[in-house]
Amino acid sequence: MDFTLTPEQEALRAEVRAWLTANIPDEWVNQIVGRADVPRAEAYDFMRAWQRKLYDAGFIGLTWPKEYGGRGLTFMEELIVQEEMALAKAPPILNILGVGMAGPTIIAYGTEAQKSRYVSKILSCEEIWCQGYSEPNAGSDLASLQMRAVKDGECWVISGQKVWTSLAHVADRMMLLARTDPDAKRHKGITYFLLDMHLPGVTVKPLKQLTGDAEFNEVFLDNVRVHESEVLGGVNNGWAVGLTTLMYERLALGFGLQVRLRIALDGVVDLARRMEKDGRVITKDRIMRQKIAQLWIETEALKYTGARGITKLLKGEMPGPEASSGKMIWVDTHQRMQELAMEIEGPYSQLTRGSDWAVEGGLWQYTFLRSRANSVEGGTTEIQKNIIGERVLGLPKD
Ligand SMILES: Cc1cc2nc3c(=O)[nH]c(=O)nc-3n(C[C@H](O)[C@H](O)[C@H](O)COP(=O)(O)OP(=O)(O)OC[C@H]3O[C@@H](n4cnc5c(N)ncnc54)[C@H](O)[C@@H]3O)c2cc1C
């Protein structure tokens, strides 16, 4: 990838840098809202407002077409903005699944009506999206999903259960996969729907995680009538459409999340500068310094791995299976980073939110526990290894 910037790109960097300096809200800088990378309930309103602000300023969806609220720029400009976000320690957005997955998939497969109806509202955070793929018996083996959709006049009548659906409790729309032809081969009879979460028959039940937060949910559909105009990419073509979403998910996880990784690493360095062990500040400890340096190296490597994915997009190609390596390396680096934060805190690592003595209000305890899910969400590490083995290295099939 050629990192040389054009004068316009240099100007964009200066513009976004100045804008971020002037606009990152004080509540964030002064840690009044929870500073975790995943949206926490108490920060929803804040993140919604922040995303809207980014949208109004034109710093979100840079590569999306202008007619749907984007700026029609290249992934190089996106890279510049993401880098500046990391340097400025900018807050995350709320509609992460909409921006990372639903939007790009609708742009790729949507009808004109669908693009006009949905895309800009994703960017502006007017409509929050969730992803309804996993079911109780269909996770890694997604093609065994059982949710059924049966045609009745102009509508599809959908029944069944989804599980682990992040943000379903605040979502307006769902990227939904359901079986429309039970007689077809497993991968063939699936259709991708753009489901309105407010339709009668949709029930959302929160599930509590290890962190104590209920960030994901069970979602039950009981004879939900969905108009045929809400099919994305054609009936029984849901596997291809759904895989596109997953490619974008892995790309977003591998590339977008390296920005959050960098912000977290800077936080670990700050923590190490403030905490002491045996009367010595942690950054004086050689082993700790090496661990921090190693994480910095890996974070930088991840950035450049992400840049390789971007190069592909710049050439007009779709993100490929290499995105799996970005996701896998991000998981490993992030989990070790969180473990290091606990090590730096020493005995204080046992104190969580609610304790007067918890370091940074228990932020690192929360992010440490949350990071355990990283190797499961968005496709497990074992599955990423299978993909790399088969599609990148050409090894025999799993
Ligand atoms: C925090 C979080 C948020 C999530 N959000 C969403 C969401 O918004 N929407 C959504 O649809 N899903 C979501 N998920 C679900 C996630 O995608 C699944 O949990 C994941 O795909 C694994 O599926 P499973 O839980 O059914 O585990 P299983 O597929 O049953 O896997 C169990 C274990 O077996 C291993 N395994 C399975 N198959 C193979 C194989 N072929 N080779 C080697 N090892 C294998 C797995 O790696 C894993 O260790 C979320 C999960 C988490 C943890």
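How do the axes of helix 9 and helix 10 cross, and within what distance do they come? This report takes up that question first, then turns to a loop glycine and the salt bridges.

## Helix 9 and helix 10

The model is predicted. In it, the axes of helix 9 (residues 323–345) and helix 10 (residues 363–371) come within 9 Å and cross at roughly 145°. The crossing of the two helices is left-handed. On the helix 9 side the contact is made by H334, Q335, Q338, E339, A341, M342 and E345, while helix 10 contributes W364, Q365, T367, F368 and S371. Sorted by class, this contact has four nonpolar, six polar and two charged residues.

Helix 9 has 23 residues and, at 1.5 Å a residue, should span 33 Å; its end C-alpha atoms are 33 Å apart, so expectation and model agree. After helix 9 comes G346, with a positive phi near 60°.

## G233

G233 is in the loop between strand 8 (231–232) and helix 7 (238–274). Its relative accessibility is 25%, and G233 therefore counts as partly exposed. Leaving aside residues up to four places away in sequence, G233 touches Y109 and V241.

G326 is 93 residues from G233 along the chain, and the C-alpha atoms of the two are separated by 27 Å.

## Salt bridges

The whole structure holds 27 salt bridges. One of them pairs R186 with D141, with the closest N and O atoms 2.9 Å apart. This pair links distant parts of the chain, 45 residues apart: R186 is in the loop between strand 4 (173–179) and strand 5 (190–196), and D141 is in the loop between strand 1 (129–132) and strand 2 (148–152). R186 is partly exposed, at 39% relative accessible area, and D141 is partly exposed at 38%.

R225 and D152 also meet through their side chains in a salt bridge, at 2.9 Å from N to O. R225 is partly exposed, with 41% relative accessibility, and D152 is partly exposed, with a relative accessible area of 38%.

## A buried arginine and a network

The side chains of R173 and D196 form a salt bridge with an N to O distance of 3.9 Å. R173 lies in strand 4 and D196 in strand 5, so the pair ties together parts 23 residues apart in sequence. R173 is buried, because its relative accessible area is 7%, under the 20% cut-off.

Elsewhere, salt bridges with shared partners join R13, R17, E83, E84, K89, R262, D266, E300 and K303 into one network.

Note on methods: Residues are numbered from 1 along each chain as its sequence is written. This is a predicted model: local features need pLDDT of at least 70, side-chain atom pairs count only at pLDDT 80 or more; totals for chains, interfaces and linings use all residues. Side-chain values use heavy atoms; hydrogens and water are left out. Helices (H or I, at least four residues) and strands (E, at least two) are DSSP runs, numbered from the N terminus. Buried means under 20% relative accessible area, exposed over 50%, partly exposed in between (1.4 Å probe, protein chains only). Contact means heavy atoms within 4.5 Å. Axes are lines fitted to C-alpha atoms, for helices over the stretch in contact, and angles run from 0 to 180 degrees between N-to-C directions. A crossing is left-handed if the near helix is turned anticlockwise from the far one by less than a right angle, and right-handed if clockwise. Ala, Val, Leu, Ile, Met, Phe, Trp, Tyr, Cys and Pro count as nonpolar, Asp, Glu, Lys and Arg as charged, and the others, Gly among them, as polar. The expected span of a helix is 1.5 Å times one less than its number of residues. A salt bridge is a side-chain nitrogen of Lys or Arg within 4 Å of a carboxyl oxygen of Asp or Glu.
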